[in-house]
Amino acid sequence: MADARLAADDLVVSFPVAGGHTLRAVDGVSFQVGAGQILGLVGESGCGKTTAARCMAGLLTPDSGTVRLDGAQLGARRTAQQRRAIQMIFQDPYSSLNPRLTVRRMLRELLAVHKLVPRPAMEERCRELMGLVGLPAAALDGLPAQFSGGQRQRIAIARALAVEPLVLIADEPVSSLDVSVQATILRLFAELRDRLGLAMIIISHNLAVVRQLSDQVAVMYLGRIAEEGGTDELFGSVRHPYAQALLAAAPRLHQRGLARPDLRGEPPSPVDLPSGCRFHPRCPQAADICQHDDPLPRPVRPDSTHIVSCHFGADPVPESAVTPLTG
Amino acid sequence: MNPLLEVRDLTVEVRRHHRRFRAVDGVSLSLPDGGSLGIVGESGSGKSMTLRAIMGLLPRTASVQAGTVQVAGELVADGEERSSGDRRRHRLAMVFQDALSALNPVMTVGAQVAEAPRRVGGLSARAARERALGLLRTVGIPDPARRYGSYPHELSGGLRQRVMIAIALSTDPAVLLCDEPTTALDVTIQAQILGLLQDLRAAQGLGIVFVTHDLGVVGQICDEIAVMYAGRIVETGPVGTVLDAPRHPYTAALLASAVDVDDVGRVPQAIPGEVPDPLRLPPGCPFQPRCPLAQPDCAAGPVSLRDIGPGRSAACLHYDALAAGPPGAAPVGPEHG
């Protein structure tokens with residue numbers, strides 16, 4: 001993909017924590033997303049997916065690594081235009097909307113501050129934005145508290161779209177919504193991608209959401225990308241034991257009986273990372289090499305865009321080379 | 001033989017802005033020994049309110065208007081009296097969604113687990129500590145002696161939820177009432193907690209009532225399911241048959257709206273319209289304005305639960321139309337692409 005709309009290269013973000021330690025929340029993460037494409041970023045709490053996204057949105061400055069928009073590197077201080085180009089929406093639309101502004105005032109303020117639309121055309125633009133997110137024009141008169149969760153998320157999306165972004169980053173956009181409403185919001189994202197040609201990053205812990213919506217998927221674990229690839233290819237043949245465990249643990253509508261993924265314990269502290277492969281203490285397939293050597297990302301087949309960071313993830317796996325870890 | 005937990009015609013009224021509405025309207029549930037029942041529905045369906053009414057933990061604005069709750073044949077609550085908390089407390093225990101706000105932040109987790117054995121069980125401090133350590137071990141907390149002195153904020157979400165389950169178990173309850181206990185957890189941790197609940201059921205014959213909005217979770221750990229809408233149960237039965245072949249249009253619509261990681265060919269269908277305002281419920285069946293199968297008779301009068309097959313009931317006049325297989329009702333087998 002030569003013409004990525006948004007590309008992150010080798011992002012590293014660390015935070016100081018108590019006791020003089022450093023927490024590496026994002027530890028060398030790269031990905032790119034093209035116009036009209038959706039990248040799904042999956043992983044559990046603390047894996048760094050939100051931190052990586054905040055770097056791309058310019059809400060956080062990485063320790064090292066670059067973010068490029070249409071090939072141009074974004075500096076620590078972004079121009080107003082660059083800030084407008086990448087918009088982010090959050091899990092809880094209630095706390096990210098000003099409770100005392102009507103939807104109309106909120107949108108008009110944005111349009112005026114960014115000098116996007118002359119005053120007489122503002123009402124028309126506000127109505128157009130409501131149309132884009134599937135709300136009636138009458139919603140412009142409402143306050144956030146008067147809407148349901150799904151409608152509030154639509155309002156948050158309308159606000160992001162008001163500044164005509166090129167990239168939309170959504171952090172757990174449907175996690176706080178009822179199942180019955182999630183479907184409509186997911187469809188809205190797909191529509192916006194197709195109609196506006198937006199590049200989108202959807203962050204979710206829900207594999208079903210990501211599989212439904214994304215063109216590309218990246219699975220993160222403890223600040224690194226464990227596995228990435230085209231959605232169909234990756235889900236068709238999940239290679240990383242962590243991604244396999246995530247998939248096994250996902251609740252399914254027509255599965256009876258408990259899924260007990262083969263996964264030990266909980267993620268270790270990112271302050272004190274395990275040696276070698278950072279997944280090895282929990283990995284059911286860990287071998288000696290995993291304790292010492294940090295696996296480099298490798299394609300599952302030569303020339304494949306399906307990348308896995310596991311010593312045993314790539315084709316072919318010679319059975320004799322695997323010495324199971326005992327004890 | 002009496003069922004472990006039997007709820008009959010439970011009705012809860014809530015006051016809001018000087019008006020009253022029925023948040024729970026004539027709900028009956030039955031749980032056999034060691035059984036597990038999942039209650040599902042959208043926000044505002046009354047599923048959590050049902051659970052809180054059973055536990056006797058209703059907010060001040062809500063009150064039980066009618067109905068009885070029996071545990072192992074013993075009446076622990078009825079509509080007339082409100083102060084049956086003590087009798088209820090020992091037989092029922094509750095696990096909440098948000099362990100961080102349910103636990104006391106300035107008390108060690110060990111002391112919180114030991115509190116009920118000491119105060120209610122009358123154990124000595126030393127015996128209560130031993131009991132708490134045993135409970136922490138039962139719920140799978142590694143190195144309980146070290147964790148005993150931890151404060152809730154020092155633990156991960158999964159460990160906090162295990163502590164809350166240990167507290168719930170500390171009174172030797174017969175039934176564990178779980179209100180979205182895994183919603184805030186990551187999927188792999190969720191699987192571990194569900195595994196723990198399943199193990200407790202098997203080892204101690206504990207009955208479990210599990211409230212969730214996640215149909216997939218219910219399918220994994222429950223034998224029976226009750227689907228709630230607008231304060232009423234609209235469909236109930238064995239979890240496999242209800243989820244694979246729903247006989248209430250609302251159950252079918254909920255299933256059709258859900259995303260499933262194995263089932264990407266199917267585009268999730270949102271349920272048209274909105275959950276009705278409880279102060280202005282539509283006439284007849286409350287789902288009728290959103291229902292694809294609605295006929296004029298659906299709005300004519302109340303539609304009550306009726307038997308529709310072995311162990312199954314549904315509150316729908318036209319459920320046989322679903323048996324013919326409209327969209328969304330067909331069972332979909334898992335298929336790996």
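The model is predicted.

In chain A, four strands make up an open sheet. Their order is E2-E1-E4-E5, with antiparallel pairing. Strand E2 (21–33) and strand E5 (72–73) of chain A lie at the edges, and each pairs on one side only. Strand E1 (residues 6–17) of chain A is joined to E2(A) by 10 bridges, again in the antiparallel sense. Within this pairing, Phe15(A) has Leu23(A) of E2(A) as its bridge partner. Helix H1 (residues 49–57) of chain A packs on the sheet. H1(A) touches E1, E2 and strand E4 (64–69) of chain A. The directions of H1(A) and E1(A) make an angle of about 120°.

The contact between the chains involves 38 residues of chain A and 43 residues of chain B. On the chain A side, two or more residues each come from helix H7 (179–196), helix H8 (207–213), helix H9 (231–236) and helix H10 (241–249). H7(A) gives the most, with seven residues. By class, the chain A side consists of 19 nonpolar, 11 polar and eight charged residues.

The largest nonpolar core has 197 residues. Leu246(A) and Leu177(B) have the most contacts inside this core. Helix H7 (residues 157–169) of chain B gives the most to the core, with eight residues. Beyond its neighbours within four places in sequence, Leu177(B) contacts Leu51(B), Ile54(B), Met55(B), Leu92(B), Ala93(B), Met94(B) and Val209(B).

How values were computed. Residues are numbered from 1 along each chain as its sequence is written. Chains are lettered from A and ligands numbered from 1 in the order in which they are written. This is a predicted model: local features need pLDDT of at least 70, side-chain atom pairs count only at pLDDT 80 or more; totals for chains, interfaces and linings use all residues. Two residues are in contact if their C-beta atoms, placed from the backbone, lie within 7 Å. Ala, Val, Leu, Ile, Met, Phe, Trp, Tyr, Cys and Pro count as nonpolar, Asp, Glu, Lys and Arg as charged, and the others, Gly among them, as polar. Two strands pair if DSSP finds at least two bridges between them. Axes are lines fitted to C-alpha atoms, for helices over the stretch in contact, and angles run from 0 to 180 degrees between N-to-C directions. A nonpolar core is a set of buried Ala, Val, Leu, Ile, Met, Phe, Trp, Tyr and Cys residues joined through C-beta atoms within 7 Å. A residue is buried if 20 or more other C-beta atoms lie within 10 Å of its own, exposed if 12 or fewer, and partly exposed in between; C-beta atoms are placed from the backbone.
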